[in-house]
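Please open the model in your viewer and keep the sequence panel beside it. The stops below say what to select next and what is to be found there.

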Amino acid sequence: MRSHELTTGRTFAVTFAPGEDFFETLDAFCRENEIRQGYIPMFIAAFRDVQIVGTCEKPTDPEAPVWSHVHLENVEAFGGGTLAYDAASGRVLPHIHVSVGVKADAANGRTSHLLSAKVQFLVEMVVVEILAPTMTRVPDPGMYNVPLLTFLPSE
């Protein structure tokens, strides 16, 4: 286990408009407000289409991450995640998970890692800025090079 006390900064309520790309809009919001790291305790959304991590095939290694995706349309979503900073690219790296229900399929649900989404009606989100410590993602060779949230020592 790793943990670190967080020093929080500003808290924002953010809404996305119909037709916007989820990750592009989140990136623009972070840039406009100079947010380098934080967390999203929750958001609600209606997505026109969404891609989440998933497969219908039996994984060859059940411990390994799944890299394929499932495409769904017209879903309601509830999600949250973390925002870490990548100094090399100068960008925020979001890690978002969602639970989605397909409206036309009796709200049949799926839960996984969000890869992409187009807003259908709305996204209503809370974003909490973290001032310290520095949060980044470091690939862990012992865990299939999955980039894990890491806290860098304060300077």
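Begin with Thr25, which, leaving aside its neighbours within four places in sequence, is in contact with Phe16 and Glu20, contact meaning heavy atoms within 4.5 Å. Thr25 is found in helix H1, where helices (H or I, at least four residues) and strands (E, at least two) are DSSP runs numbered from the N terminus. At 16% relative accessibility Thr25 counts as buried; buried means under 20% relative accessible area, exposed over 50%, and partly exposed in between, with a 1.4 Å probe and protein chains only. If you display the side chain of Thr25, you will find that it reaches the backbone oxygen of Asp21 at 2.8 Å.

Before going further, please note that this is a predicted model, in which local features need pLDDT of at least 70 and side-chain atom pairs count only at pLDDT 80 or more, whereas totals for chains, interfaces and linings use all residues. Residues are numbered from 1 along each chain as its sequence is written, and side-chain values use heavy atoms, with hydrogens and water left out.

Now zoom out to the whole chain, which has one helix and seven strands, following the pattern β-α-β-β-β-β-β-β along the sequence. The C-alpha atoms fill a box of roughly 50 × 40 × 25 Å, taken along the principal axes, and buried residues make up 34% of the 155 residues.

Next, select the largest nonpolar core, a set of 29 residues in which Phe22, Leu26, Phe43, Phe47, Val123, Met125 and Val127 touch the most other members. The elements that give two or more residues to this core are strand E1 (7-16), helix H1 (22-32), strand E2 (38-53), strand E3 (69-86), strand E4 (91-102) and strand E5 (108-132). A nonpolar core is here a set of buried Ala, Val, Leu, Ile, Met, Phe, Trp, Tyr and Cys residues joined through side-chain atoms within 4.5 Å. Centre the view on Met125, which, not counting residues up to four places away in sequence, touches Phe12, Ala13, Val14, Phe16, Phe22, Leu26, Ile40, Met42 and Phe43.

Move on to Ala84 in strand E3, which is buried with a relative accessible area of 0%. Not counting residues up to four places away in sequence, Ala84 touches residues including Arg36, Gln37, Met135 and Leu149. In E4, the bridge partner of Ala84 is Leu93, and twelve bridges join E3 to E4, which run antiparallel; two strands pair if DSSP finds at least two bridges between them. Follow the hairpin of E3 and E4 to its four residues between the strands, where Gly90 takes a positive phi near 70°.

From there, continue to E4 and E5, which run antiparallel and are joined by six bridges, with Val100 standing opposite Arg110 in E5. This hairpin has five residues between its strands, and Ala106 in the turn has a positive phi of about 55°.

Then select strand E6 (residues 134-140) and strand E7 (residues 146-152), which pair in the antiparallel sense over seven bridges. Asp140 has Val146 as its bridge partner in E7, and Tyr144, in the hairpin of E6 and E7, takes a positive phi near 60°.

Finish with two cysteines: are Cys30 and Cys56 buried or exposed? Cys30 counts as buried, at 2% relative accessibility, whereas Cys56 counts as exposed, at 85%. A search of the whole structure finds zero disulfides, a disulfide being a pair of cysteine sulfur atoms within 2.5 Å.

Note on methods: Polar contact = N/O pair within 3.5 Å; in protein donor to acceptor, adjacent residues only side chain to side chain.
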